[in-house]
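Work through the exercises below with the structure open beside you, and try each task before reading its solution.

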Amino acid sequence: MKHDVRLIPYEVIELEEKVNEVPKGVELIQAPKIWDETKGKGVTVAVLDTGCDITHPDLQAQIIGGRNFTDDDGSNPDIFNDYNGHGTHVAGTIAAKQNDIGVIGVAPEASLLIIKVLNKKGSGQYDWIINGINYAIEQKADIISMSLGGPIDHPQLYEAVKKAVKNNVLVVCAAGNEGDDDDSTDEFSFPACYNEVISVGAINFERRSSYFTNSNNEIDLVAPGEAILSTYLNGKYATLSGTSMAAPHVSGALALIKNLSNKFFERKLSEPELYAQLIKRTVPLGNSPKLEGNGLVYLTVPEHLAKIFDQKFQTMVLYEHGSVG
């Protein structure tokens with residue numbers, strides 16, 4: 001069977017048995033400062049990845065279900081365990097709920113729908129991804145998080161993405177790790193390059209663009225993607241690097257933003273409106289828009305900056321995704 005899609009490559013820096021802290025990436029995007037207002041309760045994030053360690057103490061309470069579309073476990077749809085580690089790490093950044101020895105995610109009360117579309121080797125077929133997206137739509141997920149990609153623009157994959165967005169599902173994708181630290185060259189990965197998705201590049205904790213992050217004119221924003229601490233296999237914790245680690249920061253942030261925005265406007269916002277609310281909560285870092293799009297997701301952007309954004313860009317972002325630079 002041909003495997004066309006792979007998880008975005010990543011580097012395991014450190015593996016730990018026990019930790020007890022708020023990860024630096026969660027702090028950098030200012031998530032803890034709005035937890036008094038919301039922790040993402042009632043928002044469902046579909047994680048399309050290698051599955052999840054469903055018994056991990058920091059994750060099991062947030063997992064509301066899942067499905068396996070891969071060839072692992074004899075293609076049994078009811079077994080969506082993670083044998084790779086990638087999916088568990090992504091899930092933790094989104095919604096880990098800290099216990100006495102654990103970590104906490106960006107939206108620790110959000111629900112996780114685990115959709116396994118990559119096997120234990122981190123490989124997948126386009127059909128698996130497409131089926132996973134359609135399943136997320138059927139299950140009425142609010143957000144789809146995908147830290148995966150391939151070099152081919154696949155028409156059926158694009159149609160699935162557009163269907164999700166049409167159903168007001170926010171689709172977040174890791175930009176890819178083929179970058180050459182040169183913003184004059186373009187590196188493309190799909191589905192991250194589709195205009196309808198929210199494409200996330202990576203920075204380090206010094207707010208500098210990661211050398212490996214893809215650059216192109218479809219980058220929407222950036223998030224921490226180097227030395228990211230999160231949940232891992234067998235109830236453990238790991239520090240990983242890659243744009244795979246940046247994307248779930250944005251997926252978690254959107255869970256918080258959706259709660260805040262729906263409460264403020266006293267109605268359910270559409271996908272374009274929620275995208276606009278996300279972009280309002282970014283700060284430019286001084287890099288080329290091909291590297292950082294609108295900048296770093298920053299959940300406590302001062303209100304006067306949000307008003308300036310409204311005046312200049314709101315009409316555009318309501319109808320077109322992509323960087324404003």
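Predicted model: local features only at pLDDT ≥ 70, side-chain atom pairs only at ≥ 80, totals over all residues.

**Exercise 1.** Determine how the axes of helix α5 and helix α6 are oriented to each other, and describe the residues where the two helices meet.

*Solution.* Begin with the axes of α5 (residues 243-265) and α6 (residues 271-280), which come within 10 Å and cross at roughly 110°. Angles of 65 to 115 degrees count as roughly perpendicular, and therefore α5 is roughly perpendicular to α6. The crossing of these helices is right-handed. Next, look at the residues: Val 250, Leu 254, Ile 257, Lys 258, Ser 261 and Phe 265 of α5 meet Leu 274, Gln 277 and Leu 278 of α6. Sorted by class, this contact has six nonpolar, two polar and one charged residues.

**Exercise 2.** Decide whether Ser 111 is buried or exposed, and find its contacts beyond four places in sequence.

*Solution.* First locate Ser 111, which lies in strand β5 (residues 111-116). Its relative accessibility is 17%, and since buried means under 20%, Ser 111 counts as buried. Beyond its neighbours within four places in sequence, Ser 111 is in contact with Val 43, Thr 44, Val 45, Gln 62 and Ile 64.

**Exercise 3.** Classify the aromatic pair formed by Tyr 158 and Tyr 194.

*Solution.* The whole structure holds five aromatic pairs. In the pair of Tyr 158 and Tyr 194, the centres are 4.4 Å apart with 20° between the planes; because planes under 30 degrees apart count as stacked, this pair is stacked. Finally, compare accessibility: Tyr 158 is partly exposed at 24%, whereas Tyr 194 is buried at 4%.

Terms used. Residues numbered from 1 in each chain as written. Heavy atoms only, no water. Axes fitted to C-alpha atoms, helices over the stretch in contact; angles between N-to-C directions. Helix = DSSP H or I, 4+ residues; strand = E, 2+ residues; numbered from the N terminus. Parallel < 35°, antiparallel > 145°, perpendicular 65-115°, else oblique. Left-handed = near helix turned anticlockwise from the far one by under 90°. Contact = heavy atoms within 4.5 Å. Nonpolar A, V, L, I, M, F, W, Y, C, P; charged D, E, K, R; others polar. Buried < 20%, exposed > 50% of the residue type's maximum accessible area, 1.4 Å probe, protein only. Phe/Tyr/Trp six-rings, centres within 6.5 Å; stacked < 30°, edge-to-face > 60°.
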